Amino acid sequence: MNIVFSFLAGLIFGLGLIVSGMANPAKVLGFLDLAGQWDPSLMLVMAGAIAVSAGAFAAAKLRKRTILGSSLLLPTRSPIDRRLVGGSLVFGIGWGLAGICPGPAIVLVGAGIPAGLIFTAAMFAGMGVFELLEKAKVRGAQAIG
Amino acid sequence: MSIDWVDFTPRAALVGGLLIGLGAAMLLLFVGRIAGISGIVGGMLRPKRHDLGWRIAFAAGLLAAPLLYQRVTALPDIRIGVGTGTLIVAGLLVGIGTRYGGGCTSGHGVCGLARFSPRSIVATLSFMLAGFMAVFIVRHLFA
């Protein structure tokens, strides 16, 4: 059942990205271009998405389990540190260069757009680099320890 | 700053946003997971027992969305104005940055803000700022 609902959630989420214009890199860049002709549409995308999910999070706080009975995994408290800020800045630069973030990247692959495929392949490579660096860090710590 | 009224699509933006929120709500309340796309797909590279199926299913839903959309009507305008080199650099930065930052536009920008997470507020301000700066440099300093 988890698989079915996960697929449906992804499908609805993806349709939202297409309808909202988030899957159109030119529109995203229009939002990020404060100094040029600014397209505020993405503010409304965020507002709509946050309004609905805030309700869901409020409901989730009152529950221990999901509607299907599995465990609810909310993020555990973690610090505001250099990793968070540095990583987010690096992500923002990439986002501003192409106008594509991870969700729309996958949707563009589904739409069969070659640029989406190139971006997504590079994104996975970047995530792979992160995994390797993390593994190296663990090994380094073990070697010292 | 001047507002681009021609490209401003408030109704589509709001309806699309509500759908994004609905997808995130569904994943949370039925599957018990946060709809953070970078975490969902990035986690595939670190496979754990009983943890891969839902990730693949969610990504398959994202992939299927344009296919379903196209069965009903033509996809809206999708314009990519950058070359292959920029796409590769941007993709690498997005991949590394989102994993170090622990989230992207969906995980921090939507879900994190929706649950008032201070961490996500800081992350969202950081990537928005960097995005504004990157576009400013590319479009206005080097144009």
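# Two chains and the contact between them

The contact takes 105 residues from chain A and 106 residues from chain B. Two residues are in contact if their C-beta atoms, placed from the backbone, lie within 7 Å. On chain A, the elements that give two or more residues to the side touching chain B are helix H1 (2-20), helix H2 (25-32), strand S1 (37-38), helix H3 (41-61), H4, H5 and H6. Helices (H or I, at least four residues) and strands (E, at least two) are DSSP runs, numbered from the N terminus. That side of chain A divides into 70 nonpolar, 30 polar and 5 charged residues. Here Ala, Val, Leu, Ile, Met, Phe, Trp, Tyr, Cys and Pro count as nonpolar, Asp, Glu, Lys and Arg as charged, and the others, Gly among them, as polar.

This is a predicted model, in which local features need pLDDT of at least 70, side-chain atom pairs count only at pLDDT 80 or more, and totals for chains, interfaces and linings use all residues. Residues are numbered from 1 along each chain as its sequence is written, while chains are lettered from A and ligands numbered from 1 in the order in which they are written. The model scores ipTM 0.96 and pTM 0.96. Chain B has a mean pLDDT of 95, and 100% of its residues reach 70 or more. pLDDT is the predictor's confidence in each residue, from 0 to 100. Within chain B, confidence is lowest in strand S1 (residues 2-3), at a mean of 91. It is highest in H4(B), at 98.

Now look at chain B as a whole. Its secondary structure comes to 6 helices and 1 strand. From the N terminus on, the order is β-α-α-α-α-α-α. The C-alpha atoms of chain B fill a box of roughly 50 × 40 × 35 Å, taken along the principal axes. Of its 143 residues, 54% count as buried. A residue is buried if 20 or more other C-beta atoms lie within 10 Å of its own, exposed if 12 or fewer, and partly exposed in between; the C-beta atoms are placed from the backbone. Take the contacts in chain B between residues at least 6 apart in sequence: 41% of them join residues at least 24 apart.

The strand of chain B has a partner in chain A. S1(A) and S1(B) pair in the parallel sense over 2 bridges. Two strands pair if DSSP finds at least two bridges between them. In S1(B), B:Ile3 is the bridge partner of A:Trp38.

Next comes helix H1 (residues 10-31) of chain B. At 1.5 Å a residue, its 22 residues should span 32 Å, and the end C-alpha atoms are 31 Å apart, which agrees. The expected span is 1.5 Å times one less than the number of residues. In H1(B), 17 of the 22 residues are buried, so this helix is largely enclosed by the rest of the structure. Just after H1(B), B:Gly32 takes a positive phi of about 80°.

B:His50 sits in the loop between H2 and helix H3 (53-72) of chain B. It is exposed, with 7 other C-beta atoms within 10 Å. B:Phe116 lies in the loop between helix H5 (105-114) and helix H6 (118-141) of chain B. With 10 C-beta neighbours inside 10 Å, B:Phe116 counts as exposed.

What lies inside? The largest nonpolar core has 90 residues, and A:Ala9, A:Val107, A:Phe119 and B:Ala24 touch the most other members. H1(B) gives the largest share of this core, 13 residues. A nonpolar core is a set of buried Ala, Val, Leu, Ile, Met, Phe, Trp, Tyr and Cys residues joined through C-beta atoms within 7 Å. Leaving out residues up to four places away in sequence, A:Phe119 touches A:Ala98, A:Ile100, A:Ala105, B:Leu87, B:Ala90 and B:Gly91.

A:Phe119 is one of the buried residues of H6(A). Others include A:Ile118, A:Met123 and A:Phe130. What covers the buried residues of H6(A) includes helix H4 (82-98) and helix H5 (102-110) of chain A, together with helix H2 (37-42) and helix H4 (84-101) of chain B. The 31 residues of H6(A), residues 114-144, should span 45 Å at 1.5 Å a residue; the end C-alpha atoms are 45 Å apart, which agrees.

Finish at A:Glu131, also in helix H6 of chain A. With 13 C-beta neighbours inside 10 Å, A:Glu131 counts as partly exposed. Leaving out residues up to four places away in sequence, A:Glu131 touches B:Leu45 and B:Arg46.
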